[in-house]
Amino acid sequence: MEIELLTVGKTTIKFVSEGIDEYLKRLKHYITYRITPLPDIKKNASLNAERQKEAEGEIILSRLQASDYVILLDERGKEYSSIEFSDFLEKQMIAGRKRVVFVVGGPYGFSGAIYERADGKISLSRMTFNHEMVRLFFTEQVYRAMTILRGEPYHHE
């Protein structure tokens, strides 16, 4: 199974990029994981929030394959503990999923078309995080999940 994180916009905060790079290096030993930044659509006078979500949604949909299992990182999604998240990933592996795609939307969230395409939603927290920080937090949680599944000592409980 491979995991892809689709993000609207690039990571520009240096320490966030460095943290992501560290976990990407670690993840190579466990699973194919990649982060794919999509073009950031800037709001302007002719583009309201709804139209911006639709434009971002079109770009997201263009990157998805019919067989992808798509999970939105959404504030209204299901919250997991780290162990529960590792169980979730293990179930996706057992189910024989080729590719699980997690999606971080733009500043206004997701379009209706993206919600319709999604197979589920996960919330990292009830708190709101900077979208760049979400990339780091999520990547670390995927790494943590892999170490939990292997019984390695990274996670303490």
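## Ile148 in its helix

Ile148 is found in helix α5; helices (H or I, at least four residues) and strands (E, at least two) are DSSP runs, numbered from the N terminus. The model is a predicted one, in which local features need pLDDT of at least 70 and side-chain atom pairs count only at pLDDT 80 or more, while totals for chains, interfaces and linings use all residues. Residues are numbered from 1 along each chain as its sequence is written, and side-chain values use heavy atoms, with hydrogens and water left out.

With a relative accessibility of 21%, Ile148 counts as partly exposed, because buried means under 20% relative accessible area, exposed over 50%, and partly exposed in between (1.4 Å probe, protein chains only). Residues up to four places away in sequence aside, Ile148 touches Ser82, Ile83, Ser86 and His155 (contact means heavy atoms within 4.5 Å). Ile83 lies 65 residues from Ile148 in sequence, yet their C-alpha atoms are 7.0 Å apart in space.

## Helix α5 as a whole

Helix α5 has 19 residues and spans 27 Å from its first C-alpha to its last, close to the 27 Å expected at 1.5 Å a residue; the expected span is 1.5 Å times one less than the number of residues. Of these 19 residues, 15 are buried, which leaves α5 mostly covered.

Gly151, with a positive phi near 70 degrees, follows α5.

## Ser123 in strand β5

Ser123 is placed in strand β5 and is buried, at a relative accessible area of 5%. Its side chain reaches the backbone oxygen of Ser125 at 2.8 Å. Beyond its neighbours within four places in sequence, Ser123 is in contact with Asp74, Glu75, Gly77, Lys78, Glu79 and Tyr80.

Rolling a probe the size of a water molecule over the atoms shows where empty space is left. The largest pocket holds about 430 Å³ of space. A pocket here is an open set of points on a 1 Å grid over the protein atoms alone, where a 1.4 Å probe fits, with protein on both sides within 12 Å along at least five of seven lines; lining residues have an atom within 4 Å of a point. Grid points are joined across faces, edges and corners, and a volume is the space filled by probe spheres set on the points. The largest pocket is lined by 23 residues, and Leu73, Asp74, Glu75, Thr128 and His131 are the closest to its centre. Strand β3 gives the most to this lining, with 4 residues.

The second largest pocket contains about 210 Å³ of space. Among its 13 lining residues, Tyr80, Ser123, Leu124, Phe137 and Gln141 lie nearest its centre. Helix α5 supplies the largest share of this lining, 4 residues.

## Helix α2

Helix α2 (residues 49-62) has 14 residues. Its buried residues are Gln52, Lys53, Ala55, Glu56, Gly57 and Ile60, and they pack against β1 (2-8), β2 (32-38), β4 (99-104) and α4 (112-117). Asn48 caps the N-terminal end of α2, where a side-chain oxygen lies 3.2 Å from the backbone nitrogen of Glu50.

How values were computed:
A polar contact is a pair of N or O atoms within 3.5 Å; within protein, one must be able to donate a hydrogen and the other to accept it, and residues adjacent in sequence count only if both atoms are side-chain atoms.
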